[in-house]
Amino acid sequence: MTNKTQNQVQHSMSNTIDIPVHSNATLLKASIVATVIAAVVLVTAILPAEYNIDPTGIGKSLGLTKIATAAEASLSSNKSLPSVMATVDSIIINTAPTVAEIKEIRAKVVGLRQDSVDIIIPAGKGLEYKLLLNAGEHLEYDWRTDGSELYFDFHGEPQGDKTGFYESFAITTSDQMKGTLTTPFAGAHGWYWKNKTSEPITVTLATKGAYLIKG
């Protein structure tokens, strides 16, 4: 090896960083110091702030015990509130009544009536038939002719109206019609039939509800 090479190796070795190796005694001391610090923090900070336990009085002087007191008060107030949670077992779903049950209920309603009438519409003439009902009443109706079709307007006229206003529910030409109506207002509700033939036509009308016959 030349002198130049020996100098380079010596220079490189002189630049090597020595890593200190701690003894067991040093590590033990560090562990003890860390444990002591953790214990001090626990006693002076964590216990007063979380559990309102302050054996040294430092937590009170730093205002840490107020945090625990406020948390306890909030928990107590929440316990006094009614629960808004409901279990599935506490939910009761009522089944809808059957058609037969609905008919039975309606049959017991005071003022409910059922009528059937034959109405003759003269040849080439028109004729009205009205029922007087309160607002929100339920009317069932079923009418049919003895064969020929009639032009008709099923409508309602508000009680006390003097302007000639009326509301039509159905306007068409047919030999029969069946359905229900919940009256939108108090007044006269019914049909206007127009016979465009050269022979009289008989309409058989069946109605059911709480009404008076105006005719």
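Author: We start with the chain and then turn to its pockets. This is a predicted model, where local features need pLDDT of at least 70, side-chain atom pairs count only at pLDDT 80 or more, and totals for chains, interfaces and linings use all residues. Residues are numbered from 1 along each chain as its sequence is written, and side-chain values use heavy atoms, without hydrogens and water.

Reader: How many helices and strands does the chain have?

Author: Helices (H or I, at least four residues) and strands (E, at least two) are DSSP runs, numbered from the N terminus. Here there are five helices and nine strands. Along the sequence they run α-α-α-α-α-β-β-β-β-β-β-β-β-β.

Reader: How do I find empty space?

Author: Roll a probe the size of a water molecule over the atoms, and it shows where empty space is left. On a 1 Å grid over the protein atoms alone, a pocket is an open set of points where a 1.4 Å probe fits, with protein on both sides within 12 Å along at least five of seven lines; lining residues have an atom within 4 Å of a point. A volume is the space filled by probe spheres set on the points.

Reader: What volume does the largest pocket have?

Author: About 260 Å³. Of its 13 lining residues, E140, Y141, D142, K178 and K208 are the closest to its centre. β3 gives the largest share of the lining, four residues.

Reader: Which residues line the second largest pocket?

Author: Among them are L132, L133, N134 and Y211. This pocket holds about 150 Å³ of space.
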